[in-house]
Amino acid sequence: MKPFNAIFIIVYYVVGLVARILHPVSVEGMEKLPSSGVLLCPNHASNWDPILVALRLPINYRLHIMAKEELFKNPLLGWLLRKVGAFPVSRGNSDINAVKLSIQAIKDGDNLLVFPEGTTVHNGVGYIDGLPAHAKAGVAMIGVRTGATLVPVFVDGEKKPFRRTRIIFGDPYEPHYTGRRGTAEEMQKIADDLLEAAYALGGQAVGGTPLCG
């Protein structure tokens with residue numbers, strides 16, 4: 001699973017050209033990103049989010065993306081996604097293989113993008129397991145077990161053609177926990193803090209509603 005190969009380079013430039021025309025992007029804070037061992041944690045409002053974030057990173061950033069398994073059911077698309085460093089995760093289940101791939105990517109010195117919400121959330125009306133969208137603790141567990149640098153990322157929610165989208169990389173987040181791996185409650189708190197920090201970068205509360213004041 002290597003996210004930097006000939007197919008990746010072709011996709012990066014071809015898809016990048018199309019994406020820049022359809023969805024121009026302004027980027028802030030990218031200078032804060034370390035070069036390796038980074039776990040990017042964006043809010044998630046559109047299927048365009050991973051594409052737009054990945055295409056704004058340097059071509060040699062060696063980014064892996066945890067993506068919903070439904071995208072891999074199409075053989076051609078699944079093959080292409082794997083070639084560019086993405087791998088599937090079964091949402092709603094404890095996908096041990098996806099966790100192992102995530103941990104290995106960070107340990108190899110690569111970088112990883114995981115959406116803490118685990119699904120797209122449209123202006124606060126998204127739901128996970130029947131409850132309003134919230135962060136899943138798995139992103140914190142991956143960060144703690146690998147020692148990755150956790151970085152909250154904000155991506156504008158509504159994606160209209162030819163309308164500029166903001167992507168804002170935040171300051172690295174320092175997790176606090178007890179013992180080697182922390183408690184379940186601590187992992188949930190870290191995940192919640194990361195998601196809150198991501199939305200706050202865009203002046204929003206969790207779920208996409210504007211912050212007061």
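Lys189 is partly exposed, at 48% relative accessible area (buried means under 20%, exposed over 50%, partly exposed in between, with a 1.4 Å probe and protein chains only). Its side chain meets that of Asp193 in a salt bridge, 2.8 Å from N to O; the term stands for a side-chain nitrogen of Lys or Arg within 4 Å of a carboxyl oxygen of Asp or Glu. Lys189 and Asp193 are four residues apart in helix H6, so about one helical turn separates them. Helices (H or I, at least four residues) and strands (E, at least two) are DSSP runs, numbered from the N terminus.

A quick word on the model: it's predicted, so local features need pLDDT of at least 70 and side-chain atom pairs count only at pLDDT 80 or more, while totals for chains, interfaces and linings use all residues. Residues are numbered from 1 along each chain as its sequence is written, and side-chain values use heavy atoms, with hydrogens and water left out.

Searching the whole structure turns up five salt bridges, including these:

| Pair | N to O distance |
|---|---|
| Lys32 and Asp171 | 3.3 Å |
| Asp49 and Lys159 | 2.7 Å |
| Lys189 and Asp193 | 2.8 Å |

Take Lys32 and Asp171, joined by a salt bridge. Lys32 sits in the loop between strands S1 (25-28) and S2 (38-42), and Asp171 in the loop between strand S9 (165-169) and helix H6 (184-201), so the pair ties together parts 139 residues apart in sequence. Lys32 is partly exposed at 34%, whereas Asp171 is exposed at 51%.

Then there's Asp49, which forms a salt bridge with Lys159. Asp49 belongs to helix H2 (residues 49-56) and Lys159 to the loop between strand S8 (149-155) and S9, so this pair links parts 110 residues apart in sequence. Asp49 is buried at 0% relative accessibility, and Lys159 is buried at 14%.
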